[in-house]
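Reader: I am new to this model. Please walk me through part of it in short steps.

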Amino acid sequence: MEWLFYLIAFIVALCITFTGAWALRWAVRQGQLSNLEEQSRSIFTEEEPEGRQSDFFPGRGGSSRRSRRQR
Amino acid sequence: MNDDPKNPPPGPEDNDPRLEQGAVSDEGIQKIHAQLLREKEEPTEGFAPIPIFMLFLFSGVIFFAGVYIAQYSGGWDPLNYDERVGVAAVTDAPAAVDPLVLGRRLYTQQCVACHGANGQGVAGVFPPLVGTSWVVGAEERLIRVLLHGLVGEIEVLGNTYNANMPAFGPNGARWNDQQIAAVATFIRQEWGNDAPAIDPETVAEVRSATAGRTSAWTNDELEPYAN
Amino acid sequence: MSSVSQFVASVNPTASADVGVRARLREIDESTRLPVLLFVGAALFWLLGGTFFALIASIKLHHPDFLGETEWLTFGIVRTVHLNTVIYGWASNAGIAVALWLMARLCRTKLHHGGILMVAMVFWNVGVLAGCLGIMAGDGLSIEWLEFPPYATPLLFLAYALTGVWCIITFRFRQSEHTYVSQWFLLAAFFWFPWIYSVAQIMLVIEPARGTIQALVNWWFAHNVLGLWFTPIGLAAAYYFIPKVLGKPIHSYYLSILGFWSLALFYNWAGVHHLIGGPVPAWVISAGTVASVMMVIPVIVTAINHHMTVVGSFAQVWRSPTLRFVVFGAMSYTLVSLQGSSMSLRTLNLHTHFTHYTVAHAHLGMYGFFTMIMFGSFYYILPRLLQKEWPSSMLISVHFWTASLGIILYFVGLSIGGLIQGMQMNNPDIPFLEVVANTIPYLVSRSVAGIIILVGHLAFTVSVVWMILKPRSPQETSPTLFRSPEAMPLRPST
């Protein structure tokens with residue numbers, strides 16, 4: 001009985017390794033690993049663009065009320 | 001990038017007054033964003049080089065790892081648990097145990113709590129071990145006390161004690177002959193005591209002679225073995 | 001039957017109607033609101049519970065009589081409950097909450113089938129609760145990190161499977177062309193955890209392996225819960241929030257990818273270093289040591305990457321609650337990992353094994369690194385989910401200072417105490433009881449640190465509850481994020 005579990009564990013480990021290799025291949029084929037500098041910008045969007053800090057302590061760093069009054 | 005055709009045209013929910021501001025300034029942001037992108041974008045195909053010091057560091061780490069595994073592989077022997085040894089077959093019989101070292105360890109683990117670090121005991125409760133006939137006297141009585149414990153009134157160096165001494169043999173801590181012998185030898189030769197060592201064979205004899213005993217000894221029972 | 005095919009269609013991105021529509025961040029955030037908030041709430045509950053149990057356990061170490069009369073509050077139980085509540089209750093719930101939100105955002109897609117997640121959340125937390133009560137009732141197993149009695153496990157499995165399925169669905173629906181490094185980490189974490197958890201369950205609980213293989217599997221599992229479950233989630237958050245909040249891309253994206261793959265390669269070998277000195281084939285331990293040392297590569301890569309991103313923007317870091325916590329966490333990650341590599345060397349391990357030094361190390365990892373990053377992430381996520389500002393800067397400051405100073409005190413105190421303890425234990429002339437007595441001042445310092453940390457957790461909880469309860473004020477159009485862009489200074493482009 002015992003060897004069966006070792007065998008299963010071993011096969012599962014092989015599958016995991018294989019999946020890792022497959023993921024790496026997929027990434028390369030998809031071009032995920034090329035043009036890296038631009039890809040690092042993919043976290044910025046129109047709503048939260050690059051070049052602008054997007055988190056402050058509440059009420060600091062320019063408050064919405066002030067901007068309303070200015071308007 | 002920004003004028004992604006997939007982007008939905010502003011839907012009805014964008015009339016939300018809270019969002020209006022955002023929507024108005026969206027264009028402005030996009031303009032700035034486009035500028036930023038234009039400035040920065042220098043498509044670097046392929047891999048940016050790793051800083052040189054990192055290459056050195058990584059080579060160093062990999063080199064170290066290689067040396068380490070070669071050094072401490074233990075001959076890749078599944079039965080070898082000692083990384084310093086090349087091959088398991090070389091290891092011979094375990095080194096002989098010094099009874100005094102083992103005895104001291106056992107004593108500090110199990111006896112100090114009652115008999116004290118210097119074997120002085122606690123006045124009126126736990127008898128001392130220094131210079132008492134129980135310790136430096138007859139071997140058999142001492143072994144019996146350690147194997148099965150001691151209860152009832154006893155006299156040690158002129159004072160009487162009446163409490164329980166736990167068993168360390170089969171009914172108690174289940175020590176083997178070597179351990180009993182070691183602790184007995186230790187208390188017989190420490191703190192100025194100077195009696196001959198007790199060896200495991202003697203303990204084994206007493207153990208078999210008292211086999212089946214389940215309760216602690218009393219003073220009277222041990223009287224015959226006092227000398 | 002048709003409902004089945006509908007479901008199949010609904011999880012198939014090409015067949016569903018909204019293909020090609022890239023949702024806006026705000027809609028994405030909104031769609032994740034309920035499940036993420038539920039996980040956050042559960043996490044907070046366990047955080048407080050875990051902290052209380054931690055304090056009791058800590059006090060018991062220097063005052064053994066404290067609550068000693070109550071059966072279910074003995075040290076063995078309290079410490080175990082502490083460990084399991086913070087690992088499976090706080091850290092896992094928090095990690096899942098952050099992972100869900102990040103995943104949806106990075107995939108640029110709205111949440112599909114959020115109901116699955118809520119069911120998962122309920123199952124997971126009922127499982128944790130059952131497990132903790134079971135331990136208190138005396139049913140706990142004597143396997144480190146797997147103390148939950150067997151009847152709690154199926155619930156956890158089910159909950160986990162649901163979350164994992166959801167994660168894959170979301171990834172399939174992604175509208176982003178690029179898979180950002182955080183997504184790599186998150187996918188990997190969701191993929192690794194079921195592996196290690198099920199292998200450990202099978203080989204330790206269901207059909208226990210023989211002899212030292214149990215110990216090997218046990219430490220392989222326990223170490224990998226940190227390395228393959230919490231670490232990837234923590235790093236995913238760090239890789240997202242640091243560049244995101246600063247508004248500048250990560251220093252070198254190439255390095256971040258390198259960091260991911262080298263971590264994937266080395267981390268899962270490292271657990272064996274817990275068995276140095278044990279009756280395990282020497283080469284297995286040496287392999288574990290080597291893997292632990294190789295972990296220097298991903299760690300240095302990550303550290304340099306984060307440092308170079310932050311450098312020159314320290315003022316911004318200070319202005320952002322999120323970054324204060326996340327950067328603290330990232331620094332702890334570097335420190336704790338390098339420390340871990342050094343501890344896996346036999347020469348140092350000789351002194352640190354079985355001492356409080358190891359405990360300090362573990363807390364620097366789980367608290368200084370992971371928990372701090374989770375706090376930081378919450379500071380970013382919650383305003384966007386609730387569309388409100390944090391109610392009080394003061395509470396945030398209190399939380400930051402107590403948490404950071406608390407963990408520093410904890411770490412420094414116990415590390416010193418542990419080293420002294422290790423040196424003395426290796427000296428046969430010093431009786432064991434004396435060594436124990438010598439650790440007491442350091443154990444007291446740990447309790448003090450624990451009280452400080454507890455204050456921080458209370459401040460954080462008050463902050464969150466207050467924020468949820470407070471009405472959305474009409475003048476305050478929107479939280480931090482949705483403030484009119486003109487009012488915010490543009491970072492001068494470098």
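Reader: What is the handedness of the crossing of helix 6 of chain C and helix 7 of chain C?

Author: This is a predicted model, where local features need pLDDT of at least 70, side-chain atom pairs count only at pLDDT 80 or more, and totals for chains, interfaces and linings use all residues. Residues are numbered from 1 along each chain as its sequence is written, chains are lettered from A and ligands numbered from 1 in the order written, and side-chain values use heavy atoms, without hydrogens and water. A crossing is left-handed if the near helix is turned anticlockwise from the far one by less than a right angle, and right-handed if clockwise. For helix 6 and helix 7 of chain C, the crossing is left-handed.

Reader: At what angle do helix 6 and helix 7 of chain C pack?

Author: Helix 6 of chain C spans residues 153–172, and helix 7 of chain C spans residues 181–206. Their axes, lines fitted to C-alpha atoms over the stretch in contact, are 11 Å apart. The angle, taken between N-to-C directions from 0 to 180 degrees, is about 155°. That makes the two helices of chain C roughly antiparallel (over 145 degrees).

Reader: Is C:Q183 buried or exposed?

Author: C:Q183 lies in helix 7 of chain C. Contact means heavy atoms within 4.5 Å; beyond four places in sequence, C:Q183 has contacts including C:M103, C:F171 and C:H178. Its relative accessible area is 0%. Buried means under 20%, exposed over 50%, partly exposed in between, with a 1.4 Å probe and protein chains only, so C:Q183 is buried.

Terms used: Helix = DSSP H or I, 4+ residues; strand = E, 2+ residues; numbered from the N terminus. Parallel < 35°, antiparallel > 145°, perpendicular 65-115°, else oblique.
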